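I opened the notebook to go through one model and write down what I looked up. The entries follow in the order I made them.

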Amino acid sequence: FEPAEESVQVNGQLVYDLVVEGTADGLNGYEVTAAVDDSSVATITDAELVQFGGQYSRTEIADDGSSVYFEEAVGEATTPDGSFTLAQVTLTASDSKGTTKVSVSDSTELQADDFSYYDPTVEDAQIAVLNPPDITNNGNRSNDPDDDGVYGDIDGDGETDIFDVQA
């Protein structure tokens, strides 16, 4: 996964690229399952295949957002450096802080153009969900009262008002 480590505010989103490297003999197809270890910290809310538009493809996110399954028949794809971005995975953080690992299953199958299989080395990612800071040092954390992704209530009093502008 790229990036390998990332942090996000509570209820925020991150997009990870699922990258495969070292496929010098091309890529004919793949089956990959990615998962978060702790879905109480973050869940998978979107996933898109990005590279190929293959002959056949399937993306399936688990109902609880804990994992996503990708499958694609590519049909003889190559790149000069043997590197492919297979998919983008969107993670949505929960409403409380914590950390979780984002991993790829050991049962991942990557098929070369000659129909042999690669033995992939898997590099997991780590996501840290952080509480917003107490910018005004009044004991209240900034918050987003209207859930638009903008922390407009800077002083954390539950209202977006002139005091937040002055903070």
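Predicted model: local features only at pLDDT ≥ 70, side-chain atom pairs only at ≥ 80, totals over all residues.

**Entry 1, core.** I began with the largest nonpolar core, which has 34 residues. The residues with the most contacts inside this core are Phe1, Tyr30, Phe70, Leu86, Leu91, Leu110 and Ile127. I then looked up where the core residues come from: S2, strand S3 (27-36), strand S4 (42-49), strand S6 (67-77), strand S7 (84-93), strand S8 (98-104) and strand S11 (125-130) each give at least two. S7 supplies the largest share, six residues. In general, nonpolar side chains in soluble globular proteins tend to be buried together.

I listed what Phe1 touches, leaving out residues up to four places away in sequence. The list is Tyr16, Asp17, Leu18, Ala34, Val89, Val102, Ser103, Val104, Glu123 and Ala125.

Why is S7 largely enclosed by the rest of the structure? I noted that eight of its 10 residues are buried, so the strand is largely enclosed. Buried here stands for under 20% relative accessible area. I also checked the pairing of S7. With S2 it pairs in the antiparallel sense over eight bridges, and Tyr16 has Val89 in S7 as its bridge partner. Tyr16 and Val89 are also both among the contacts of Phe1. With S4, S7 pairs over seven bridges, again in the antiparallel sense. There Thr43 stands opposite Thr92 of S7.

Strand S5 (residues 56-61) and S6 run antiparallel and are joined by six bridges. I noted Glu71 in S6 as the bridge partner of Arg58. The hairpin of these two strands has five residues between them, and in it Gly65 takes a positive phi near 75 degrees.

I looked up the largest pocket, whose volume is about 410 Å³. Its lining has 19 residues, and Val19, Val20, Glu21, Thr121 and Glu123 lie nearest the centre. By type the lining divides into 11 nonpolar, four polar and four charged residues. Strand S2 (residues 13-20) gives the largest share of the lining, three residues. Glu123 was already in my notes as a contact of Phe1.

Most residues other than glycine have a negative phi. Phe115, not a glycine, has a positive phi of about 70 degrees. Phe115 sits in the loop between strand S9 (109-111) and strand S10 (117-118). Is Phe115 buried or exposed? Its relative accessible area is 55%, and the cut-off for exposed is over 50%, so Phe115 counts as exposed. Asn137 also has a positive phi, near 55 degrees. Asn137 belongs to the loop between S11 and helix H1 (162-166) and is exposed at 69% relative accessibility.

Which residues does Arg141 contact, leaving aside neighbours within four places in sequence? I found Asn131, Pro132, Pro133, Asp134 and Gly156. I also noted the C-alpha to C-alpha distance from Arg141 to Gly158, which is 9.9 Å across a sequence separation of 17 residues.

Conventions
Residues numbered from 1 in each chain as written. Heavy atoms only, no water. 1 Å grid on protein atoms, 1.4 Å probe; cavity = no way out; pocket = protein on both sides within 12 Å on 5 of 7 lines; lining within 4 Å. Points joined across faces, edges and corners; volume = space filled by probe spheres on them. Helix = DSSP H or I, 4+ residues; strand = E, 2+ residues; numbered from the N terminus. Nonpolar A, V, L, I, M, F, W, Y, C, P; charged D, E, K, R; others polar. Core = buried A, V, L, I, M, F, W, Y, C linked by side-chain atoms within 4.5 Å. Buried < 20%, exposed > 50% of the residue type's maximum accessible area, 1.4 Å probe, protein only. Contact = heavy atoms within 4.5 Å. Pairing = 2+ DSSP bridges.
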